[in-house]
Amino acid sequence: IALCGVTFAYSQTTPTWQDITPKGWSGDFKFLEYFDGNGLLAIADNGYFYHSTDTAKTWTIEPSPVGAVWGIEVYPDRKRALIYSGKKLYRTTDAAKTWQEITLKGMPSDMYIHNIYIKNEDTVFACTGNNLNGRNIFLSPDKGETWTQVAERLYGTSSFYYVTDFYFATPAHGYALGVSYYMETFDGGTTWTKTTMDLDTYFHSVLEIEGHPTIVALNGYSG
């Protein structure tokens with residue numbers, strides 16, 4: 001009887017799916033985020049936002065403040081976020097209704113932003129790079145206003161091997177994951193040490209089981 005009851009309960013909660021793609025869509029979805037009080041924001045690769053306040057029943061088209069968005073990071077309150085594209089970084093504090101450019105003080109003007117990670121209320125990390133100095137990590141202690149370089153030349157002068165994700169097991173102990181390497185910090189991100197692996201190893205994510213973080217890696221050739 002217990003087994004039948006569990007099976008019946010599971011069958012009643014199996015999700016169903018429907019296509020919510022906006023009519024007349026001319027690009028590809030890159031990101032889909034929810035903002036508290038402002039609904040869904042679908043970010044296209046064509047320089048536009050698709051915005052819905054009625055759970056994707058209808059959509060309105062809005063221009064993106066940075067053209068083609070490379071990435072977005074949203075704060076836990078779902079009212080603030082950072083979006084970036086190339087050398088530009090913008091912030092919203094009103095659930096994506098308006099956006100303001102951040103001047104990136106302390107970050108060289110020739111640096112492209114390839115990844116942003118919000119560690120906590122104030123601390124933000126950015127993986128940046130150019131074709132001369134390769135990939136670097138910058139830290140901001142004030143929500144992106146000012147920046148300090150905390151790691152450089154993550155894989156020599158290569159502009160390809162950028163950080164794909166950050167993960168902090170504790171406020172002091174964290175990881176930066178990349179292609180063929182990962183970085184580790186024990187002081188909150190002020191200094192980093194690097195472990196290098198085979199060129200076809202892609203460090204994908206970190207799983208934490210009972211307080212013990214484990215790095216998950218994928219092999220590009222064997223899968």
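Colleague: Where is the place of K30 in this chain?

Modeller: This is a predicted model. K30 belongs to strand 1, which covers residues 29–35.

Colleague: Is K30 buried or exposed, or something in between?

Modeller: Burial is judged from relative accessible area, with under 20% counted as buried and over 50% as exposed. K30 has a value of 37%, so it is partly exposed.

Colleague: Which residues is K30 in contact with, apart from its neighbours in sequence?

Modeller: With neighbours within four places left out, K30 is in contact with I43, A44, D45, V69 and W70. As for spacing, K30 and A42 lie 12 residues apart in sequence, and their C-alpha atoms are 7.7 Å apart.

Colleague: How many helices and strands does the protein chain have?

Modeller: The count is 1 helix and 19 strands. Of the 223 residues in the protein chain, 43% are buried. The accessible surface is about 12300 Å², and carbon and sulfur atoms hold 56% of that surface.

Colleague: What share of the contacts joins residues at least 24 apart?

Modeller: The share is 34%, taken among contacts between residues at least 6 apart in sequence.

Colleague: How should I read a sheet, and what is the order of the open sheet of 4 strands?

Modeller: Strands in a sheet are paired by backbone hydrogen bonds, in a parallel or an antiparallel sense. Here the order is 5-6-7-8, and the pairing is antiparallel.

Colleague: Which strands stand at the edges?

Modeller: Strand 5 (71–74) and strand 8 (100–101) do. Each has a single partner strand, so one side of each has no neighbour in the sheet.

Colleague: How many bridges pair strand 5 with strand 6?

Modeller: There are 4 bridges between strand 5 and strand 6, the latter made of residues 81–85. Within that antiparallel pair, V74 is opposite A81. Strand 6 is also joined to strand 7 (residues 88–92), through 5 bridges and again antiparallel.

Colleague: Which way do the residues of strand 6 point?

Modeller: A81, I83 and S85 point one way, while L82 and Y84 point the other way. Residues on both sides are buried; that is 5 of the 5 residues in strand 6.

Colleague: Which residue has a positive phi of about 60 degrees although it is not a glycine?

Modeller: That is R78, in the loop between strand 5 and strand 6. R78 has a relative accessible area of 30%, so it is partly exposed. Beyond four places in sequence, R78 touches E33, Y34, F35, D36 and A95.

Colleague: What is the phi of A96?

Modeller: Phi of A96 is near 75 degrees, which is positive in a residue other than glycine. A96 sits in the loop between strand 7 and strand 8. Its relative accessibility is 6%, so A96 counts as buried.

Colleague: How should I describe the largest pocket, and which residues line it?

Modeller: Take the space, then the lining, then the classes. The largest pocket holds about 180 Å³ of space. Its lining consists of D19, I20, T21, P22, K23, Y50, A56, K57, T58, W59, T60 and I61. By class, this lining has 6 nonpolar, 3 polar and 3 charged residues.

Technical notes
Residues numbered from 1 in each chain as written. Predicted model: local features only at pLDDT ≥ 70, side-chain atom pairs only at ≥ 80, totals over all residues. Heavy atoms only, no water. 1 Å grid on protein atoms, 1.4 Å probe; cavity = no way out; pocket = protein on both sides within 12 Å on 5 of 7 lines; lining within 4 Å. Points joined across faces, edges and corners; volume = space filled by probe spheres on them. Nonpolar A, V, L, I, M, F, W, Y, C, P; charged D, E, K, R; others polar. Pairing = 2+ DSSP bridges. Helix = DSSP H or I, 4+ residues; strand = E, 2+ residues; numbered from the N terminus. Buried < 20%, exposed > 50% of the residue type's maximum accessible area, 1.4 Å probe, protein only. Contact = heavy atoms within 4.5 Å. Areas by Shrake-Rupley, 256 points an atom, 1.4 Å probe, with all protein chains shown as cover.
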